[in-house]
Amino acid sequence: MKQQIQQLISQALVQIASDGLIPKDAIPEPIIERARDSQHGDFASNIAMVLAKVARSKPRDLAEKLVMALPESAVVSKVEIAGPGFINFYLSSDAYHALIPRIITDGHGFGRSDIGAGKRVQVEFVSANPTGPLHVGHGRGAAYGAVVADLLQAVGFEVHREYYVNDAGRQMDILGTSVWLRYLELCDEEIKFPANGYKGDYIWDIAATLHRENGEQYQHAADEVFQGVPADEPDGGDKEIHIDALIERAKRLLGDNRYRFVFELGLNTILEDIRDDLELFGIRYDEWYSERSITESGAVNKALERLRASGHIYEKEGALWFRSTDFGDEKDRVVERDNGQTTYFASDIAYHMDKLERGFDRVIDVWGADHHGYVPRVKAALQALGADPSRLDVLLVQFANLYRAGEKVQMSTRSGSFVTLRELRKEVGADAARFFYVMRKCEQHLDFDLDLAKSQSSDNPVYYVQYAHARVCSVLRQAAEKQISVEISAGDSNLERLTEEHEFQILKTLSRYPEVVEVAALNEEPHQMSHYLRELANDFHTYYNAHQFLVDDAGVRDARIKLILAVRQTLKNGLNLLGVSAPESM
RNA sequence: GCCCCCGUAGCUCAGCUGGAUAGAGCAUCCGCCUCCUAAGCGGAAGGUCACACGUUCGAAUCGUGUCGGGGGCGCCA
């Protein structure tokens, strides 16, 4: 609809340009927007005000000329000039009525478009280290990333969803070692568990599996394990040095094969748990991309070599540094530690280089806001490698705070007292969680009210929207019981029987849906969709209360049923994009 | 020390990238079921858009500064 109006203005602009009122090369893209106030019609354009200067005439005069030049159209019923020079367009009833068969015919496709023109976009999200279960912070990134990906796909991008698995590096060694130490405890060894180890219960579970299936095969005496290892922090030592020494000891005592086995058991168990968790959250990936694979393929070394060759690497204090300050970063960054290990950042450089080399037109990273300091250095690296850093978009998701009974739920990763995504899902359900997570802009701190998410009332936006969908279904069931036929094809002519204000209000909201999808997708703003759905549900509930649908007048009845079918379809499409179910009854 | 986010109704937030009289939902009052799910609807009341400059026809929106709140970073990932 918006496009149709835009076209009309474009034609008028060409007309007045050929009349010499404005220079031909000054014809802009017509800007129109939804009128905020229905007093001002459906769409408004400020084009006359924008062009007033170049046309050297008063905005209102120019507006008048433009209106005269507008071609006839069945879509528009009235055009007015108002205020300082706005041109207001009123849509015809026919234009609104015509929306209904279109929505019903398009079905699942209503609201989809091809603005993306098949451009390839990669969306990487969650990518939490497989060192433990996902928590509620990851949950927000998961919900957000998934919806952004779905939205982009809905507007015609070819989307590739990816999870970057940090299956290499020190954190994973700490995980493997933690599992092994817990296992030794199960073998009745006297172990002083390291301050920097992973202490969650899930480590015990993995250790128990190891013990159950392999007996004492991995056992070594505690003395052997700790002999000569520098003291841990509680004993006056350094916890980092302590854990690193324990890792080395584990590797030596177990040998390559056995160490690898324990390591992989930990990794795979947790990764499987994460996959399963996300799956139950309605989130699927096209690819799980292994960090280890880029290390092993030599891509990391290749990337570093390229940086070195172009003179962006130097050595200092035994470590290799990338001179990211040349590209606007605030300080240079280590890519290889003095012990020869490449850093996480080095992998990241290689990974992002690989992303661009895979030919994506756009690469989107969804990160926790705590990684924001990371953005400049990754972009710096891409630039240093000769790539265009603007192809990478990093979306930072702020943390979510949980509230229960008005109190903030205290969480801290260190003490292990974080709430897992799985717990959240079990408490409020996947639908409510998905919906609540995307109600706010990503860069906004999110207050997640657990009680509200669980409540079955109109206060709860997800129930409110779902209920509207269920209500339509319920009406249709009633219709079926009364043997009322709801043949979609039967007589579009009845649509003119829709004359109530409530009906036009709904049609107006329905007509906005494709615009909402587009804006939400292009701006990566899922919250626009959740807000929209609430509005549409509200329009429907209001209509429901004001009018009976299954009336005796078959024409009116038929038209109303079609209207609410269109509402149902649109609610369903919108909920679907948010990853929320559209139940047929509540 | 540096960086990021946020200050809009009592509370939680929108405000479509500069437009017309700043909007929702809670909460508060007042109403609505012999009727398709009251898991719903209507109405009232409620704001110096933190503050100050600046940019221009026009600012909640853009820029600078001040104040206030939240979070992060300082060879860990």
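**Domains, helix packing and salt bridges**

Author: The centres of domain 2 and domain 3, taken over C-alpha atoms, are separated by 56 Å. Please note that this is a predicted model.

Reader: Which residues does the domain assignment give to each domain of chain A?

Author: The assignment places residues 2–91 in domain 1, 97–114 + 457–578 in domain 2, and 170–280 in domain 3.

Reader: Let us turn to helix packing. At what angle do H16 and H18 pack?

Author: Helix H16 (residues 430–437) and helix H18 (residues 461–481) meet at about 115°, and their axes lie 9 Å apart. Angles of 65 to 115 degrees count as roughly perpendicular, and H16 and H18 are therefore described as roughly perpendicular to each other. The crossing of H16 past H18 is right-handed.

Reader: Which residues make that contact?

Author: H16 contributes Asp431, Ala432, Phe435 and Phe436, while H18 contributes Pro461, Val462, Val465 and Gln466. By class, the residues of this contact comprise six nonpolar, one polar and one charged.

Reader: A change of topic: how many salt bridges does the structure hold?

Author: There are 36 salt bridges in the structure. One of them joins the side chains of Arg292 and Glu264, with an N to O distance of 2.8 Å.

Reader: Where do Arg292 and Glu264 lie?

Author: Arg292 belongs to helix H11 (residues 291–296) and Glu264 to helix H10 (residues 239–280), so this pair ties together parts that are 28 residues apart in sequence.

Conventions:
Residues are numbered from 1 along each chain as its sequence is written. Chains are lettered from A and ligands numbered from 1 in the order in which they are written. This is a predicted model: local features need pLDDT of at least 70, side-chain atom pairs count only at pLDDT 80 or more; totals for chains, interfaces and linings use all residues. Side-chain values use heavy atoms; hydrogens and water are left out. Axes are lines fitted to C-alpha atoms, for helices over the stretch in contact, and angles run from 0 to 180 degrees between N-to-C directions. Helices (H or I, at least four residues) and strands (E, at least two) are DSSP runs, numbered from the N terminus. Angles under 35 degrees count as roughly parallel, over 145 as roughly antiparallel, 65 to 115 as roughly perpendicular and the rest as oblique. A crossing is left-handed if the near helix is turned anticlockwise from the far one by less than a right angle, and right-handed if clockwise. Contact means heavy atoms within 4.5 Å. Ala, Val, Leu, Ile, Met, Phe, Trp, Tyr, Cys and Pro count as nonpolar, Asp, Glu, Lys and Arg as charged, and the others, Gly among them, as polar. Domain bounds come from an automatic or database domain assignment. A salt bridge is a side-chain nitrogen of Lys or Arg within 4 Å of a carboxyl oxygen of Asp or Glu.
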